[in-house]
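Subject: The structure, and what I found in it

Hello,

Here is the structure I promised to pass on to you. Please open it beside this message, and then read on for my notes.

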Amino acid sequence: MKSIGLIAISVVASTLMMSAEAADGRLLGTGGATNIEGAAGGGLVPWAVISGYSEDDERGGTVALTRAQVDDYRLDVTAASFSYQNRLEISVAAQMFNLENLGAELRQHVFGVKYRVAGDLIYTSMPQISVGALYKRNTRYDIPELVGSQRDSDWEAYVAASKVWLAGPFDRTWLANVTLRATRANQFGLLGFGGDRGDSHQIAVEAATAVFLHRSLAVGVEYRQKPDNLSFAKEEDAMSAFVAWFPSKRVALVGAFLDLGSIAGATNQTGYYLSLQASF
Amino acid sequence: MKKLVSQCTVLLTLALLVLPTGSAQANQDDSLYRALGGEQGIQQLVEDLLFNVADDRRIRHHFVDIDIVRLHEKLSEQICELAGGPCEYTGDDMVKSHTGMGVTRADFNALVEALQLAMDDHQISISAQNRLLALLAPMHAEIVNR
């Protein structure tokens with residue numbers, strides 16, 4: 001946890017040193033928020049957008065604090081990202097998952113990289129397309145091992161396509177994103193990777209749609225398919241309905257209703273999500 | 001319930017992804033022209049746009065040493081025509097008028113923001129703002145990095 005904090009601080013510090021002023025070359029809201037794995041996107045899904053507001057030769061970054069609270073579990077995430085020229089995004093996230101009924105804690109570090117390969121979110125008719133990879137590492141692994149997880153760290157890879165329509169339905173600005181992710185993570189990796197029911201990477205489909213009621217305020221939904229590798233406990237798809245507020249290019253605040261389905265035997269895990277992101 | 005939401009999300013997302021990005025043609029009726037305040041409204045809007053540009057140190061260097069009166073005239077014509085008004089744009093095409101300027105992607109976005117501020121000051125509705133931006137956005141490829 002401490003080392004992630006140090007990495008986050010050094011990312012921010014080096015970003016500030018390299019650019020005398022904060023990146024601001026992109027339009028408000030187009031860096032998205034930070035997802036629970038530290039990648040730019042919605043709360044659950046990594047989108048094709050590159051974090052922050054860097055454009056042309058600018059560099060930038062974000063720092064985000066997130067809490068997701070459902071009936072029997074709490075997830076706290078501290079994340080930071082570095083964005084380079086609206087092309088490359090590097091992220092780190094430290095996740096702390098509290099199993100409230102058991103009084104136990106799981107921790108995971110996620111290292112991410114994302115590269116915009118084609119398109120522009122707004123200005124090309126084709127969507128913006130990015131490819132990304134995540135490396136996830138459990139730092140507390142006794143419980144996942146107990147329930148049949150095959151490994152405590154693993155890679156995921158994804159391709160995402162995002163598009164904004166400035167004047168879509170009802171003459172409002174809309175955003176849509178589809179992400180395909182190769183994964184065998186159990187509960188985002190918090191219960192390890194692979195299991196007795198399945199141990200190879202599968203393609204999970206993730207999607208997000210949002211409408212900007214005002215250029216600083218978006219509402220939307222996200223959906224995320226998940227593998228179901230452990231016979232110990234069924235795993236279900238996740239969804240969120242969110243409100244994202246961008247009062248400036250420096251701050252974003254996201255609130256959401258979360259439905260994570262069944263987690264480790266506890267059914268119908270619903271609750272809220274709150275995230276605060278600062279951009280540099 | 002979740003299954004319904006998830007199916008709707010995926011369907012809506014896919015539906016949006018196959019929509020065209022926004023009309024590259026000018027408006028067929030004059031509703032946007034009227035929403036922008038007609039000829040006078042557009043001229044005032046462009047005037048405020050240019051004032052905002054002058055205040056924006058990211059892009060004002062592009063506007064030094066140009067005929068600002070002519071720019072105001074041509075921009076007003078262009079927006080009027082795009083918005084379905086009774087005007088004809090008589091300026092140069094976007095490629096010609098921006099060649100050699102080295103307009104960056106950030107510069108383009110800064111101009112969009114100057115226009116948004118001007119439209120806010122003129123209390124133009126969100127719908128009309130979005131419609132105008134959607135008509136101007138396709139010029140990005142003709143203007144940027146030339």
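Which residues does A:Arg184 touch, not counting residues up to four places away in sequence? The answer is A:Arg151, A:Asp154, A:Phe193, A:Gly194, A:Asp199, A:Ser200, A:His201, A:Pro227 and A:Asn229. Before going further, please keep in mind that this is a predicted model.

You can find A:Arg184 in the loop between strand 9 and strand 10 of chain A. A:Arg184 counts as buried because its relative accessibility is 13%, and the cut-off for buried is under 20%. One of its neighbours, A:Asp154, is also its partner in a polar contact: the two side chains are joined at 2.7 Å.

Next, chain B. Following the sequence, you will read the pattern α-α-α-α-α-α-α-α. Chain B has 146 residues, and 44% of them count as buried. If you take the contacts in chain B between residues at least 6 apart in sequence, 73% of them join residues at least 24 apart. Its accessible surface is about 7,800 Å², with 55% belonging to carbon and sulfur atoms.

Now to the place where the two chains meet. On the chain A side 46 residues are in contact with chain B, and on the chain B side there are 33 such residues. The size of an interface is often given as the accessible area lost when the parts come together. Here, the area buried between chain A and chain B is about 3,100 Å², and carbon and sulfur atoms give 61% of that. Within chain A, the residues that lose the most area to chain B are A:Tyr123, A:Trp165 and A:Arg215, which together make up 23% of what that side buries.

There are also polar links across this interface: 14 residue pairs in polar contact, both at pLDDT 80 or more. Several strands of chain A supply at least two residues each to the side that touches chain B, including strand 8 (153-165), strand 10 (202-214) and strand 13 (251-263). Strand 9 of chain A gives the most to that side, with 6 residues.

What about charged pairs? Side chains of opposite charge can pair when their charged atoms come close. Over all chains, the count is 27 salt bridges, and 5 salt bridges are found across the interface of chain A and chain B.

- B:Asp120 and A:Arg215 meet through their side chains in a salt bridge of 2.8 Å, N to O. A:Arg215 has already come up, as one of the residues in chain A that lose the most area to chain B.
- B:Glu113 and A:Lys249 form a salt bridge of 2.6 Å, N to O. This pair crosses between chains, from helix 6 of chain B to the loop between strand 12 and strand 13 of chain A. B:Glu113 counts as buried, at 15% relative accessibility, and A:Lys249 is buried too, with a relative accessible area of 13%.

Two further salt bridges lie within chain A:

- A:Glu156 and A:Lys136 meet at 3.1 Å, N to O. They link distant parts of the chain, 20 residues apart, with A:Glu156 in strand 8 and A:Lys136 in strand 7 (residues 128-138). Both A:Glu156 and A:Lys136 are buried. They also belong to a network of salt bridges that links A:Glu37, A:Lys136, A:Glu156, A:Arg181, A:Glu206 and A:Arg224.
- A:Glu100 and A:Arg74 form a salt bridge in which the closest N and O atoms are 3.6 Å apart. A:Glu100 is partly exposed, with a relative accessible area of 31%, and A:Arg74 is partly exposed as well, at 21%.

Last, the nonpolar cores. The largest has 91 residues, and the members that touch the most others are A:Phe97, A:Leu260, B:Leu36, B:Leu115 and B:Leu132. Helix 6 (residues 105-121) of chain B brings the largest share of this core, 7 residues. Another core lies apart from it, with 5 residues, among them A:Trp165, A:Trp174, A:Ala176 and A:Val211. As for B:Leu36, not counting residues up to four places away in sequence, it touches B:Gly41, B:Ile42, B:Leu45, B:Ile79, B:Ala83, B:Ile124 and B:Leu132.

Happy exploring, and best wishes

Notes. Residues numbered from 1 in each chain as written. Chains lettered and ligands numbered in written order. Predicted model: local features only at pLDDT ≥ 70, side-chain atom pairs only at ≥ 80, totals over all residues. Heavy atoms only, no water. Core = buried A, V, L, I, M, F, W, Y, C linked by side-chain atoms within 4.5 Å. Buried < 20%, exposed > 50% of the residue type's maximum accessible area, 1.4 Å probe, protein only. Helix = DSSP H or I, 4+ residues; strand = E, 2+ residues; numbered from the N terminus. Contact = heavy atoms within 4.5 Å. Areas by Shrake-Rupley, 256 points an atom, 1.4 Å probe, with all protein chains shown as cover. Buried area = accessible area lost by both parts, 1.4 Å probe. Salt bridge = Lys/Arg side-chain N within 4 Å of Asp/Glu carboxyl O. Polar contact = N/O pair within 3.5 Å; in protein donor to acceptor, adjacent residues only side chain to side chain.
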